[in-house]
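Trainee: Could you take me through one part of this protein up close? I'd like to see what a single side chain is doing there.

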Amino acid sequence: TTPMTGENIPEEAFEPFYSRLPARRLGTVEDVTNLVLYLASDESAYSTGSAFVVDGGQSAGDLTIF
């Protein structure tokens, strides 16, 4: 965890939130780093003017309603 997510909060306290995410976990520094590395590489040369979301599917909606 980071200061933003709460260093002193037990991991199990996040379980209700995780269960509502398609990825079933919080994002990591590596998740963001991997996107940044991709965008900085030649592999993304044809990607232009796009918004990339690194949220584990949270913006797709609440899975518990389906």
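**A close look at serine 44**

Mentor: Start with the side chain of serine 44: one of its polar atoms sits 2.9 Å from the backbone oxygen of leucine 39. That's a polar contact (a pair of N or O atoms within 3.5 Å; within protein, one must be able to donate a hydrogen and the other to accept it, and residues adjacent in sequence count only if both atoms are side-chain atoms). Keep in mind that this is a predicted model, where local features need pLDDT of at least 70, side-chain atom pairs count only at pLDDT 80 or more, and totals for chains, interfaces and linings use all residues. Residues are numbered from 1 along each chain as its sequence is written, and side-chain values use heavy atoms, with hydrogens and water left out.

Back to our serine. The backbone oxygen of tyrosine 38 is 3.1 Å from a polar side-chain atom of serine 44. Leave out residues up to four places away in sequence, and serine 44 touches Tyr38 and Leu39, where contact means heavy atoms within 4.5 Å. So where is this serine? Serine 44 belongs to the segment after α2, a helix being a DSSP run (H or I, at least four residues) numbered from the N terminus. Is serine 44 buried or exposed? Serine 44 counts as buried because its relative accessibility is 5%, and buried means under 20% relative accessible area, exposed over 50%, partly exposed in between (1.4 Å probe, protein chains only).

For contrast, look at glycine 27, in the loop between α1 (15-18) and α2 (29-40). Glycine 27 is exposed because its relative accessible area is 66%.

Methods: Helices (H or I, at least four residues) and strands (E, at least two) are DSSP runs, numbered from the N terminus.
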